[in-house]
Amino acid sequence: MIDKFSIYRVLFPFRRARQLRLRQERMGYSYLQFARDLFGGDDYPELSSLLWRCFSDTCALVPDFRPLPSDELASIYGMGLEEVLDDVLFPFAEKHDLLQTDTDMSALKRPDATILDVAVILLALSKLRPPPPISPTTS
């Protein structure tokens, strides 16, 4: 099965050229730096790892791309609100059985939305998990 990002690699040569240039500029940038820049440390390793994999592999138009938290989704990845919801947020929420209803996603509607905006929303989603039921104590 061919995913849509495989097709984008062919259809968007200018965005691909931009990512090639950025990849060269960022060759020394690592996942650990990304996690530190994203949350001030690797306090949320699963979330940091998900975002790194998503924006360095799945959504990138070039291999071994190095995303920055400040990367704009539209200008660098060609992603709008629908792509971010379908390809990043909803799969994460579904995998972790998270509530999606009351989370404010308005930041993703801005044309300058970034990976950091996605991270903040994913973090908010993960905190919406209902508390476990209280088990009765036996006396």
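Modeller: Helices (H or I, at least four residues) and strands (E, at least two) are DSSP runs, numbered from the N terminus. The model is predicted: local features need pLDDT of at least 70, side-chain atom pairs count only at pLDDT 80 or more, and totals for chains, interfaces and linings use all residues. Residues are numbered from 1 along each chain as its sequence is written, and side-chain values use heavy atoms, leaving out hydrogens and water.

Colleague: How many helices and strands are there in the protein?

Modeller: From the N terminus on, the elements run α-α-α-α-α-α-α. The count is therefore 7 helices and 0 strands.

Colleague: What percentage of the 139 residues of the protein count as buried?

Modeller: Buried means under 20% relative accessible area, exposed over 50%, and partly exposed in between, with a 1.4 Å probe and protein chains only. By that rule, the buried part of the 139 residues is 40%.

Colleague: How many disulfides does a search of the whole structure find?

Modeller: A disulfide is a pair of cysteine sulfur atoms within 2.5 Å. Cys54 is in no disulfide, and its nearest cysteine sulfur is that of Cys59. The two sulfurs are too far apart for a bond because the distance is 3.3 Å. The search of the whole structure finds 0.

Colleague: Is Cys59 buried or exposed?

Modeller: Cys54 has a relative accessible area of 7%, so Cys54 is buried. For Cys59 the value is 0%, so Cys59 is also buried.

Colleague: Which elements give two or more residues to the lining of the largest pocket?

Modeller: On a 1 Å grid over the protein atoms alone, a pocket is an open set of points where a 1.4 Å probe fits, with protein on both sides within 12 Å along at least five of seven lines; lining residues have an atom within 4 Å of a point. The lining of the largest pocket includes Glu46, Cys54, Asp87 and Lys95. The elements asked for are α4 (45–58) and α6 (81–95).

Colleague: What is the volume of the largest pocket?

Modeller: Grid points are joined across faces, edges and corners, and a volume is the space filled by probe spheres set on the points. For the largest pocket this gives about 200 Å³.

Colleague: Which residues does Asp37 touch, not counting residues up to four places away in sequence?

Modeller: Asp37 is in helix α3 (residues 31–39) and counts as partly exposed because its relative accessibility is 44%. Contact means heavy atoms within 4.5 Å. Asp37 touches Tyr29 and Pro69.
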